[in-house]
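My notes follow the structure.

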Amino acid sequence: MFAQLFQRSNCLLNQRNRYQLLATVLINLICISHGMGIGWLSPTLRKLQSTDSPLQFSLDVNDVSWVGSALGLGSVTGNIICGLLINRIGGKLCLLLIAVPHSCLWFLVYFAQSVEFLIVGRFLAGITGGGIYIIHPIFLSEISDANIRGTLASMVMLSVNIGILLGYILGTHLAYYSVPFVVLLCPLSYFALILLFIRDSPMQLIREQRFAAAEKSFRYYKNIKDSDSLDKQSLATLEFENIKMKLTNEDDMPDKVSLKDFLTPAAIKGYAMAGVIVIANQFSGLFTMVNYMSDIFAKSGSSMDPNTSSIIIGVVQILGAYMSTLLCDVCGRKILMQVSSAGVAMSLTAFGLFTHFASIYDLSEWSWVPVALMSLDIFLGNIGLISCIFVLIVEMFPMKIRARATSVAIVVCSSLVFLMLNIFPLCMEHWGLPATMWSCACITAVCFVCFSLFLKETKGKSMVED
């Protein structure tokens, strides 16, 4: 029975898929580390705003908005840099380079003498995050089989969420100056393992006209050995030659892209739906709330400890992202986006209602409700809006413009990250928490309608076809 299970083509432990899974696990170490940087900020900001700040200075609400939003500016920068570099220097070198700015973050955190140190550190962390969201989806789509591509790509956000939970725990229970020493182990290990075990994707090597190296890479990621049967090797050769023929066809060469390729009906439809996905991803507030979770719970009317509530949310995020990895290639992308957007809209509406009435009535007996509603919001958000975004954006564009169009879409997403991280604490300060939540709920509800009417299912789509 177990032997039959492992032989299924969509089983990650299937012999053919093992090196694809290994590569995914290794490159996601930097996602865990990036998540630690995001999650650590939430409990730490509360400490830095108090009179007992571990640093020689404390932060006000404007400082908080800039420390938080610097991640978005860095993310835009990382998107642009990695979008320009990935086809020029290859995925492996890009994967190595993104570890550098993230490591610098923790040196700046440790030696911070003013708020500017933290802002620059968050900016550098954003460069790594921006690089992750460009490089990882493209790299994984090029090394993985169609029947497991969604599962592997959605592990990016699962790994980030694991890191966020660890960041919540470290920021809550460890001293400020101890955290950098712990977290730095992750990017250093990542750098060494990428250097040793990761190869450039076959598609990248074909584009560079390095056909022998491309075939070796193809055989490595598909786990094809010289000792395998002749039939298996023949099928692998045929599959490789098909990819090679498609990518070396003059009409499909990436460097032959012209303006009219970006104006085809398929490309325009891709832009429109990518825009809706990006808006839903950011204006739902899911990522923004992760950064300010402790402050949200402190303002929610709940009597539970805000940091403990944040750790609970961190666990829920992991469960939601894990559920997405299980369902993405089974149920498809569209149904997950529909369920996710509808659930987030309803959860945020209910959360806003509770916080509104908590400011009028004594609801201390119901202090568990904000945590329950936010847990539901985060769980449903991670099933689709968070975990599926990078799977969908890569899959919905025509092959010829895929890398460039994906880069542009993620640059737009990162710009919205900066906007939301900057204005969210100001909105909570001036509008109040209920109105802020209801605004996010309304936008998410509109996106649900768009997904239901216009989103095309991309499950099982080949990456060498439009």
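**Entry 1**

Is F397 buried or exposed? I looked it up: F397 is buried, at 1% relative accessibility. My cut-offs are under 20% relative accessible area for buried, over 50% for exposed, and partly exposed in between, with a 1.4 Å probe and protein chains only. Before going on, I noted that this is a predicted model, where local features need pLDDT of at least 70, side-chain atom pairs count only at pLDDT 80 or more, and totals for chains, interfaces and linings use all residues. Residues are numbered from 1 along each chain as its sequence is written, and side-chain values use heavy atoms, with hydrogens and water left out.

**Entry 2: aromatic pairs**

I found 15 aromatic pairs in the structure. Rings of Phe, Tyr and Trp (its six-membered ring) pair if their centres lie within 6.5 Å; planes under 30 degrees apart are stacked, over 60 edge-to-face, and the rest tilted. Y110 and F111 make an edge-to-face pair, 5.0 Å centre to centre with 80° between the planes. Y110 is partly exposed at 29%, and F111 is partly exposed too, at 48%.

Next I looked at Y271 and F397, a tilted pair with 5.9 Å between centres and 50° between planes. Y271 sits in helix α14 and F397 in the loop between α20 and α21, so this pair ties together parts that are 126 residues apart in sequence. For helices I use DSSP runs (H or I, at least four residues), numbered from the N terminus. Y271 is partly exposed, at 31%.

I also wrote down a cluster: ring pairs link W40, W106, Y110, F111, Y176, Y177 and F181.

**Entry 3: charges over rings**

R199 lies over the face of Y220, 4.2 Å from the ring centre. K244 does likewise with F211, at 4.4 Å. The rule is that NZ of Lys or CZ of Arg must be within 6 Å of the ring centre and within 35 degrees of the ring normal.

**Entry 4: helix α20**

How many residues of α20 are buried? I get 8 of its 8, over residues 389-396. Among them are I389, F390 and E395. The cover includes α7 (115-143), α8 (146-173), α14 (265-283), α18 (333-358), α19 (369-386) and α21 (402-430).

**Entry 5: the second largest cavity**

I count 6 cavities of 30 Å³ or more. A cavity here is a set of points, on a 1 Å grid over the protein atoms alone, where a 1.4 Å probe fits but cannot get out; lining residues have an atom within 4 Å of a point. Points join across faces, edges and corners, and a volume is the space filled by probe spheres set on them.

The second largest cavity holds about 190 Å³. It has 19 lining residues, and closest to its centre are Y133, Q282, F287, F390 and V417. Helices α4 (61-89), α7, α14, α20 and α21 each supply at least two lining residues, with the largest share, 5 residues, from α7. The lining splits into 11 nonpolar, 8 polar and no charged residues. Nonpolar means Ala, Val, Leu, Ile, Met, Phe, Trp, Tyr, Cys and Pro; charged means Asp, Glu, Lys and Arg; the others, Gly among them, are polar.

**Entry 6: two last residues**

What does S75 touch? S75, in helix α4, is buried at 7%. Leaving out residues up to four places away in sequence, S75 touches G126, I127, G129, G130 and S414, contact meaning heavy atoms within 4.5 Å.

N147 lies in helix α8 and is partly exposed, at 29%. Its C-alpha is 39 Å from that of N307, 160 residues apart along the chain.

Definitions and conventions
On a 1 Å grid over the protein atoms alone, a cavity is a set of points where a 1.4 Å probe fits but cannot get out, and a pocket is an open set with protein on both sides within 12 Å along at least five of seven lines; lining residues have an atom within 4 Å of a point.
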